[in-house]
Amino acid sequence: MRPLAVLDVGCGNGRFGRFLREAGLLQSYTGVDGSSALLSQINDLEGQFFIRDISLANSLDGLSEYDVIACLATLQHIPGQENRQRLLYEMSNHLKPAGHLVLSNWQFLHNPRQRRKIRPWSDVGIDPLNLEANDYLISWERGGSGVRYVSFLNEEAVATMAAEAELRVVKQFKSDGREGDLNLYTILAG
């Protein structure tokens, strides 16, 4: 496999970029994240890094085209179906003609261990009537404690979003976690 030009949307501390570099698959790397603290941890990875709020329109403006665009464990945290759809569409506009977009989304609803982490919206003073179906508040206790917004995106939801963005599903599979099915991975092409 030839080295790839990669855009990592929601790149965090660049872990995926380091994985690709160590596998010899990286030609160039561009990371986009809303957290300057996480981006500041990327000191061992060559590339371009941008602080952008990907929940806002046009957050990928000015970027190039890429062989691979990864959005790993990120799309699920963008509030509002319209915003998620817009981000998927914006990512598709940065794919090279034979490029692929790779998504991963947390599959917590079918897992009793993960389902126990669901918290009521009243914990943060949000009226559930102001939310969309499949919006959840999940406790997060790794490295501290807190809660995070997660939209549950299953195979059907991702396939529907892909079709609306004029992308086709190349492959979907589940992996990760103790049970081996904690994340849904979807590979998309134009």
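**Notes on the predicted model**

1. The model is a predicted one.

2. Seven strands make up an open sheet, in the order β3-β2-β1-β4-β5-β10-β9, with mixed pairing. At the edges stand β3 (48-51) and β9 (168-175); each has a single partner strand, so one side of each lacks a neighbour in the sheet. From one strand to the next, the twist averages 15°.

3. Within this sheet, β5 and β10 run antiparallel and are joined by seven bridges. Asn 105 may be inspected here, as it stands opposite Leu 184 in β10.

4. The largest nonpolar core has 26 residues, of which Val 9, Leu 88, Met 91, Leu 101 and Leu 103 touch the most other members. Two or more residues are given to this core by each of β1 (4-9), β4 (66-72), α3 (81-92), β5 (95-106), α5 (155-164) and β10 (183-189). A second, separate core contains 10 residues, among them Leu 4, Leu 39, Ile 42 and Leu 45. As a general matter, nonpolar side chains in soluble globular proteins tend to be buried together.

5. Not counting residues up to four places away in sequence, Met 91 touches Val 9, Leu 60, Ile 69, Cys 71, Leu 101 and Leu 103.

6. Which side chain of opposite charge is nearest to Asp 8? Asp 8 lies in strand β1 and is buried, yet has no salt bridge. The nearest such side chain is that of Arg 15, 8.6 Å away. With neighbours within four places in sequence left aside, the contacts of Asp 8 are Phe 16, Gly 17, Tyr 29, Thr 30, Gly 31, Val 32 and Ala 70.

7. Strand β7 (residues 135-140) has five of its six residues buried, so the rest of the structure largely encloses this strand. Strand β6 (residues 118-119) pairs with β7 in the antiparallel sense over two bridges, and β7 is joined to strand β8 (residues 146-151), also antiparallel, by six bridges. Leu 137 in β7 stands opposite Arg 119, and its bridge partner in β8 is Tyr 149.

Terms used. Residues numbered from 1 in each chain as written. Predicted model: local features only at pLDDT ≥ 70, side-chain atom pairs only at ≥ 80, totals over all residues. Heavy atoms only, no water. Core = buried A, V, L, I, M, F, W, Y, C linked by side-chain atoms within 4.5 Å. Buried < 20%, exposed > 50% of the residue type's maximum accessible area, 1.4 Å probe, protein only. Helix = DSSP H or I, 4+ residues; strand = E, 2+ residues; numbered from the N terminus. Contact = heavy atoms within 4.5 Å. Pairing = 2+ DSSP bridges. Axes fitted to C-alpha atoms, helices over the stretch in contact; angles between N-to-C directions. Lys, Arg positive; Asp, Glu negative; His and termini not counted. Salt bridge = Lys/Arg side-chain N within 4 Å of Asp/Glu carboxyl O.
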